[in-house]
Amino acid sequence: MGNRRLGSQETGNRKMGNRHMTRGQRAAGIAARVAVALVFAVNMQCAASFVLWPEAFAGGFELAGVPGAAAVRGLGVAFLMWNATYPPVIANPRRFRALFAVVLVQQAVGLAGESWILLSLPVGHAALAASIIRFIAFDAAGLVLMAAALAWLVLADRRARRAATGPGA
């Protein structure tokens, strides 16, 4: 009985929340979910590939053999850990807005770190540089996409609050 009541309250709250949302708020919420889900999906695909088939990617990091496979597999595990914050944001970007900000900070840290690594590479590491450039391009695009989605979400909610309280309030 306790579980049924809790489920009913959650469903009721969700329905009530959606009824009082503007079209712009609903659209911003969907856009936020889609943006984070797209980045999450690509990250998970990359993580799975690195964990399951590290040998296929070791050469792109100028690594080989057992040490190279272990290093790439470790990078895949790091991707999995990094992305543990994404599912709650995908489920409810409003409720987990602070976590959404953490996701953006993670993305920015990754982008800054990858850029620094690329800039510190000596000449003669074309394969490694190309791998890092792919990470930079994806992380930059993901950061812009998710930041735009969060900004839209915040602005839509602020606009709706202002409209609800009336002019001059």
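Biologist: In which helix does Ser 49 lie?
Modeller: A caveat before the answer: this is a predicted model. Ser 49 lies in helix α2.

Biologist: Is Ser 49 buried or exposed?
Modeller: The cut-off for buried is under 20% relative accessible area. Ser 49 has a relative accessible area of 9%, so Ser 49 is buried.

Biologist: Leaving aside neighbours within four places in sequence, which residues is Ser 49 in contact with?
Modeller: The sequence neighbours within four places are set aside here. What remains in contact with Ser 49 is Pro 54 and Phe 57.

Biologist: Asn 43 next. Is Asn 43 buried or exposed?
Modeller: Asn 43 also belongs to helix α2. Its relative accessibility is 2%, so Asn 43 counts as buried.

Biologist: Which residues does Asn 43 touch, not counting those up to four places away in sequence?
Modeller: One partner, Phe 79, lies in helix α4. With that one included, the residues touched by Asn 43 are Phe 79, Asn 83, Tyr 86 and Phe 138.

Biologist: How are α2 and α4 oriented to each other?
Modeller: Their axes are 7 Å apart, at an angle of about 150°. Angles over 145 degrees count as roughly antiparallel. The crossing is left-handed. α2 and α4 are therefore roughly antiparallel.

Biologist: Which residues of α4 meet α2?
Modeller: On the α2 side, the contact involves Asn 43, Met 44, Cys 46, Ala 47, Phe 50, Val 51 and Leu 52. On the α4 side, it involves Val 72, Arg 73, Leu 75, Gly 76, Val 77, Phe 79 and Leu 80.

Biologist: And what is the handedness of the crossing of α2 and α7?
Modeller: The axes of α2 and α7 come within 8 Å and cross at roughly 160°. The two helices are therefore roughly antiparallel. Their crossing is left-handed.

Biologist: Which element gives the largest share of the largest nonpolar core?
Modeller: That core holds 29 residues, and Phe 50, Tyr 86, Phe 100 and Met 146 touch the most other members. The elements giving two or more residues are α2, α4, α5, α6 and α7. The largest share is 10 residues, and it comes from α7.

Biologist: Leaving aside neighbours within four places in sequence, which residues is Phe 100 in contact with?
Modeller: Phe 100 is among the core members that touch the most others. One of its contacts, Met 146, is in that group too.

Biologist: Are the rings of Phe 79 and Phe 135 stacked, edge-to-face or tilted?
Modeller: A search of the whole structure finds eight aromatic pairs. In this pair the centres are 5.9 Å apart and the planes are at 45°, so the pair is tilted.

Biologist: How many residues apart are Phe 79 and Phe 135?
Modeller: Phe 79 counts as buried at 6% relative accessibility, and Phe 135 counts as buried at 17%. The pair links distant parts of the chain, helix α4 and helix α7. The separation is 56 residues.

Biologist: Which residues form one aromatic cluster with Phe 79 and Phe 135?
Modeller: Phe 79 and Phe 135 are two of its members.

Biologist: Where does Glu 62 lie?
Modeller: Its phi is near 60°, a positive value in a residue other than glycine. Most residues other than glycine have a negative phi. Glu 62 is partly exposed, with a relative accessible area of 37%. Glu 62 lies in the loop between α3 and α4.

Conventions: Residues are numbered from 1 along each chain as its sequence is written. This is a predicted model: local features need pLDDT of at least 70, side-chain atom pairs count only at pLDDT 80 or more; totals for chains, interfaces and linings use all residues. Side-chain values use heavy atoms; hydrogens and water are left out. A nonpolar core is a set of buried Ala, Val, Leu, Ile, Met, Phe, Trp, Tyr and Cys residues joined through side-chain atoms within 4.5 Å. Buried means under 20% relative accessible area, exposed over 50%, partly exposed in between (1.4 Å probe, protein chains only). Helices (H or I, at least four residues) and strands (E, at least two) are DSSP runs, numbered from the N terminus. Contact means heavy atoms within 4.5 Å. Rings of Phe, Tyr and Trp (its six-membered ring) pair if their centres lie within 6.5 Å; planes under 30 degrees apart count as stacked, over 60 as edge-to-face and the rest as tilted. Axes are lines fitted to C-alpha atoms, for helices over the stretch in contact, and angles run from 0 to 180 degrees between N-to-C directions. Angles under 35 degrees count as roughly parallel, over 145 as roughly antiparallel, 65 to 115 as roughly perpendicular and the rest as oblique. A crossing is left-handed if the near helix is turned anticlockwise from the far one by less than a right angle, and right-handed if clockwise.
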